[in-house]
Amino acid sequence: MPDNRLANRIDQLVKRFEREDVNLHGFILTVDGKEKANAYYAPFREGQPHRMYSISKTFTGIAVGMLADEGKISLDDPITDYFRDWLPENPDARLLRLTIRDMLRMATCYRWTQYREGVDENWAMPFFTGAPTHEPGTVFHYDTGCSQAFAALVKRVSGQEVIDFLEERLFAPLGCKDRRYWLRDPSGCCQGGTGLCMSLRDLHRAALCLLNGGEGIVPAWYAEEMGKKHMETLLQTNEEERYGYGWQCWRTRVGWAMYGLGGQLAVVCPDKKTVFSTIADTRLDPFGVQRLYNAFFEEVYPWIGQEDMEEKTLNLTVAALPDRAEYAVAETPEYRFEEGNPLELRTLRLKDDCLYYENARGAVTLPFGRGTNLQITYPGWANEPALASGGWVEPGLLRVRCWAVGNAPCGFDMLLCFREASVTVQCRKSYDPLTVGYDGAATGKQVV
């Protein structure tokens, strides 16, 4: 019989996620080529595409490495050699000195991403027309525009969008058969730093390939070098981001990781031949992805390699808000808000576990499950899937949380404090166009 201490640690991992209210959608753990555990949190399911956010950067970087391996580019080439037609009349000399290698390690000449979502049509072009702030190759600044420029580079050099390039050279050879797609900028180019949508198991399969030296699919030299520390990141705010940066991926306390906004992770631990991959939406949590790192490294990692275990499959559900049913109120009066309030609310009322309100998007409804998640359409946005849960905390105090679960996982958390003739609504949100108007507080008076 196998020693199940590791299985017990995985149980502790799950309990910790529950205790810390982590909005997890799924995880997979593989040790020495053997899958030990996989879990999906309903309504998320195996094989379902999920927005990977900045994990897109790692895959775009792999495409750049493949082009270098084929001799079509050199990592020491100035990036401007490939975009002379996009340069201003008198380009800054610092931009002209910026190499592809420096871009891989996020050591560009910019402090900020240059393109403006919702303003620029071609997101790569501003990378070549912006105003540099410092000498390239010197310090780390996280720059999604750099990865967008890489997507444009792949397209120029190969004649293919990065998703089509990788489909032929990476995903198909790996046997990745789940549906995947890549969100585009308005010009039609793949969003190289943020737009890849793919399944957890295909992400995990790609991470295993890299752990195994590229398996003859990714160039071995690139698979070996990408996870090494190529840039110091000592001034980063997040604890796990201070171990350094590789080539479009992060160093961690014992290895390296592909990391995307909201808890998309593929943590690669070469010393124990381990990959731990997750999909999640931790953006509303002030501690964010650090909870995932800490839970894995403290609850599971120390026990890896000391024993074996049978494969464990977990069927779970996305965490919902708790509910104190004894405090529930079935219906409230209608409340009216003054113009100019931070939430842009006009009216609000509660009836039968559904909020009806008017805001900047007009009249919207927000049904929610008490103590459970209800699958709904995101309030005010047609065709945007969402989960909503709610719970009474104490007499007169209701909490409602709504997660968007489509191409842009995000959400808002709302407290409603009902008094005799008023309601005060307090909201916080994760940043996205979907969540505009859900940050701040406002008080409405009962309509007489």
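**Why these labels? A chat about a predicted model**

Modeller: Let's start in a loop of this predicted model: D353 sits between strand 12 (347-350) and strand 13. The phi of D353 is positive, about 55 degrees, although D353 is not a glycine.

Colleague: What makes D353 count as partly exposed?

Modeller: Its relative accessibility is 26%. Buried means under 20% and exposed means over 50%, so at 26% D353 counts as partly exposed.

Colleague: How do you know whether Q248 is buried or exposed?

Modeller: By its relative accessible area, which is 1%. The cut-off for buried is under 20%, so Q248 is buried.

Colleague: Let's go on to strand 13 (residues 354-359), where N359 lies. Why is N359 called buried?

Modeller: Because its relative accessibility is 7%, and under 20% means buried. Leaving aside residues up to four places away in sequence, N359 touches L343, E344, L345, R346, V364 and Y438.

Colleague: Which residues of helix 2 and helix 5 meet?

Modeller: From helix 2 come K57, T60, A63, V64 and L67, and they meet T144, S147, F150, A151, V154, V157 and S158 in helix 5. By type, that contact has 7 nonpolar, 4 polar and 1 charged residues.

Colleague: What makes strand 21 (residues 440-446) a partner of strand 11 (residues 335-337)?

Modeller: There are 3 bridges between them, and pairing takes at least two, so strand 11 and strand 21 pair, running antiparallel. In strand 21, Q446 is the bridge partner of Y335. Strand 21 also pairs with strand 20 (residues 422-429), in the antiparallel sense, over 6 bridges. There, V425 stands opposite A442 of strand 21.

Colleague: One last item: what kind of peptide bond joins A42 and P43?

Modeller: A cis one, with omega about 15 degrees. P43 has its place in the loop between strand 2 (34-42) and strand 3 (50-51).

Note on methods
Residues are numbered from 1 along each chain as its sequence is written. This is a predicted model: local features need pLDDT of at least 70, side-chain atom pairs count only at pLDDT 80 or more; totals for chains, interfaces and linings use all residues. Side-chain values use heavy atoms; hydrogens and water are left out. Contact means heavy atoms within 4.5 Å. Helices (H or I, at least four residues) and strands (E, at least two) are DSSP runs, numbered from the N terminus. Ala, Val, Leu, Ile, Met, Phe, Trp, Tyr, Cys and Pro count as nonpolar, Asp, Glu, Lys and Arg as charged, and the others, Gly among them, as polar. Buried means under 20% relative accessible area, exposed over 50%, partly exposed in between (1.4 Å probe, protein chains only).
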